There are 2 protein chains.
Amino acid sequence: MATLSDVARRAGVSPATASRVINGSSKPVTDELRERVLAAVAELQYVPNAHAQLLARSHRSAVGVIVHDVSDPYFAEITRGLQRVATDQGRLLMICNSYRDPDRELEYVELLRGHQVAALILAGSGYHDDAFTRQLNEKLAAYEATGGRVAVIGRHEHSGDAVMPDNRTGGHLAGRELCELGHRAIGVVAGPRILTTTTDRLAGLRQALGEQGRELPERRIRYAEFDRDGGAEATARLLDADPDLTAIVALNDSMAIGALATLRSRSLAVPQQISVVGFDDMPIARDVTPALTTVRLPLVDMGVRAMSLVLGAQGPAPRVEVLPAELVRRGTTGPAPHPGWDTAGSPPDARRADTAS
Amino acid sequence: MATLSDVARRAGVSPATASRVINGSSKPVTDELRERVLAAVAELQYVPNAHAQLLARSHRSAVGVIVHDVSDPYFAEITRGLQRVATDQGRLLMICNSYRDPDRELEYVELLRGHQVAALILAGSGYHDDAFTRQLNEKLAAYEATGGRVAVIGRHEHSGDAVMPDNRTGGHLAGRELCELGHRAIGVVAGPRILTTTTDRLAGLRQALGEQGRELPERRIRYAEFDRDGGAEATARLLDADPDLTAIVALNDSMAIGALATLRSRSLAVPQQISVVGFDDMPIARDVTPALTTVRLPLVDMGVRAMSLVLGAQGPAPRVEVLPAELVRRGTTGPAPHPGWDTAGSPPDARRADTAS
DNA sequence: GCGTATCAGGCAAACGCTTTCCCGCGAGCG
DNA sequence: CGCTCGCGGGAAAGCGTTTGCCTGATACGC
């Protein structure tokens, strides 16, 4: 690889001058030398060594991002928001997938710190795991102590800046909607119980049912991976145990899509026989049939806010921005097929009052 | 940030020794000193400066990847394959999104070169743009000249190692299938015509029709963005111009999903009134209703192969691996509603011979 | 007891760049 | 005409590591 000195030599100038020309230093350079340097750069196909540059100007500019999985639409949307702000400010993003492995998350914090990122953003649910939470907090504190900025998205265990989707209210919205539609036998297809996102959403749901004097017994909840197949499988287990369910809340849209697949394979009509509510409002939600009723989270905006927090002025106290959840009614929800006084029997095939999308 | 010298000072050893302890050099160090260094590392929360390390040991280890958009399922799958191999070999991946902007692609090649990546993988369609192709080839050649390895996925304009999905045969499969089902009025929802992927798939399709003595006139093709909304819009334009279409080929699954949305909004029954074939077999294809008939590409495998090529032994000649496409029949295709001898009129609503999924 | 082989550990030179500081030169001013 | 000032350009000191090489000490053989 050609180096700066190669360029300088070829142009007949000092490395200092070459450097100044190449990255437009404020120090003036005569046009003639500038030309010569530029010519040399072109001839040698010179590209500065990024590591050497970053070492020399100890000027942190990149931002590190740790998500569970960028290819998961939830994070893809958040990342879009992060990118938008970062690009506007000429920042490079280093994105790492933890695949929901706490250890990997810890490793990535170190890695990114080692890469001298100016800030660190952790997106995605936290874990109910005190040992891990403590470790992570220590690492983040150490990082912040050296001037690094930190923001988290969707996890409350860290004390710094945070952007929080209102998972609890979202769960509440889903619960209330189903109650109002007359559903009583509601099953929940949940993500891993170790995730705070799961428990937060569950708590809101439970509260909504509670307000109607109902309960959400543990036997009506199935925990599985937070993806399509997890949703399919959990739904199957749920139906096996309790075939009279009239509604299912999936704690994210991927799981909801899996739930729909299972329902389809069992020939259960949605929403005539059973209603389904998702969570997140991923883009695909409107394209399944029937279109998915779900709780919308402003994902892109969450990314935008988090990046703004971290690149903006350092606040005196840690700031927490809570972003609202919103119910989006589409085609997978409808009135409960069995009125409350009827607890058994399959729904009459007549009720085809489709609430089309 | 604590530096190696800080650690060394605190442990009462030289930086050399500290370094040796920290990255387990082959050079022996007494247990006592080792302990002291390790203790200092822990106390200071020391993390080595990655840039300094990469500068010092001029040992390229990371691999650069340029894709159109990781959050697009097509690339997400490919990336999964890339990751798998890279992780196995302890390589870090730097992934960049070009968002189908050729200039950005060029920039990223430079950026990654600057970051001293050991290899470069470009995934995603090439462009019908000679000036760009030449420029890219120059840059890649310059990079290879300095010992970098290069592989491309799904583009033939580069002369180095390549992994190619068989787009042409895939298009052919889709075309033949529809012909065999008796479709004559076939519309195409295509991606941007500047992409080689678009034209390759189109060429295969055209050939299949040609073998049946049919044509694919330009008026039955609409070009749009390679995503859901592009597909929806192109389908609308297609139907407006030619309401008698009995089948639509979308050149990728995202577009197919958009096509289905448009058909639904126009109350056209799929596949009874109109058939749809997608391309790629993204995970979501089986979850729309009806499930999408599509041409499967071994996306993960493409990633695996490309990374293996680039990390494996340098071949004498550039290697090209062509991976086969395969038709996956699901629910969106069925026999043409109008027999060939009838060229007008809307389909009789009686033919409900659903080929269920 | 001396010389040599062995071994742990330190010194210092890279790695490729940025940037401060300094120097020489020509112009402007008194 | 001499002095100062401004300006373009170069020398060199880092930035934080790694690592080849050297040194001093210890152990060993003769």
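Helices (H or I, at least four residues) and strands (E, at least two) are DSSP runs, numbered from the N terminus. The model is predicted: local features need pLDDT of at least 70 and side-chain atom pairs count only at pLDDT 80 or more, while totals for chains, interfaces and linings use all residues. Residues are numbered from 1 along each chain as its sequence is written, and chains are lettered from A and ligands numbered from 1 in the order in which they are written.

**View 1. The surface near DNA strand C draws on both protein chains.** Helix H2 (15–22) and H4 of chain A give two or more residues each, as do helix H2 (15–22) and helix H4 (50–56) of chain B. H2(A) gives the most, with 5 residues. The surface divides into 16 nonpolar, 9 polar and 3 charged residues. In these classes, Ala, Val, Leu, Ile, Met, Phe, Trp, Tyr, Cys and Pro count as nonpolar, Asp, Glu, Lys and Arg as charged, and the others, Gly among them, as polar.

**View 2. DNA strand D is surrounded by 29 residues.** The closest are Leu4(B), Ala16(B), Ser19(B), Ala52(B) and Ala56(B). Chain A supplies at least two residues from each of H2 and H4. H2(B) gives the most, with 5 residues. By class, this surface has 16 nonpolar, 11 polar and 2 charged residues.

**View 3. H2(B) packs against helix H3 (residues 31–44) of chain B.** The angle is about 85°, and the axes are 9 Å apart. Axes are lines fitted to C-alpha atoms, for helices over the stretch in contact, and angles run from 0 to 180 degrees between N-to-C directions. The two helices, H2(B) and H3(B), are therefore roughly perpendicular to each other (65 to 115 degrees). H2(B) makes the contact with Thr17(B), Ala18(B), Val21(B) and Ile22(B). H3(B) brings Leu33(B), Arg34(B), Val37(B), Leu38(B) and Val41(B). Residues are in contact if their C-beta atoms, placed from the backbone, lie within 7 Å. The classes here are 7 nonpolar, 1 polar and 1 charged.

**View 4. Chain A meets chain B.** The contact takes 27 residues from chain A and 28 residues from chain B. On chain A, helix H4 (50–56), helix H5 (73–88), helix H6 (102–114) and helix H11 (253–265) each supply at least two residues. The largest share of that side, 5 residues, comes from H4(A). By class, the chain A side has 14 nonpolar, 10 polar and 3 charged residues.

**View 5. A rotation of 180° superposes chain A on chain B.** The shift along the axis is 0.0 Å and the RMSD is 0.1 Å. Superposition is by least squares on the C-alpha atoms of residues with pLDDT of at least 70 in both copies. The two copies are thus related as by a two-fold rotation axis. The same surface serves both: 100% of the contact residues of chain A recur in chain B.

**View 6. An open sheet of 6 strands lies in chain A.** The order is S2-S1-S3-S4-S5-S11, with parallel pairing. Two strands pair if DSSP finds at least two bridges between them. Strand S2 (93–97) and strand S11 (320–323) are the edge strands, each pairing on one side only. The twist averages 15° from one strand to the next. Strand S4 (residues 149–153) and strand S5 (residues 161–165) run parallel, joined by 3 bridges. Val152(A) has Ala162(A) in S5(A) as its bridge partner.

How values were computed: Two residues are in contact if their C-beta atoms, placed from the backbone, lie within 7 Å. Angles under 35 degrees count as roughly parallel, over 145 as roughly antiparallel, 65 to 115 as roughly perpendicular and the rest as oblique. A residue is near a molecule or strand if its C-beta atom, placed from the backbone, lies within 6 Å of it.
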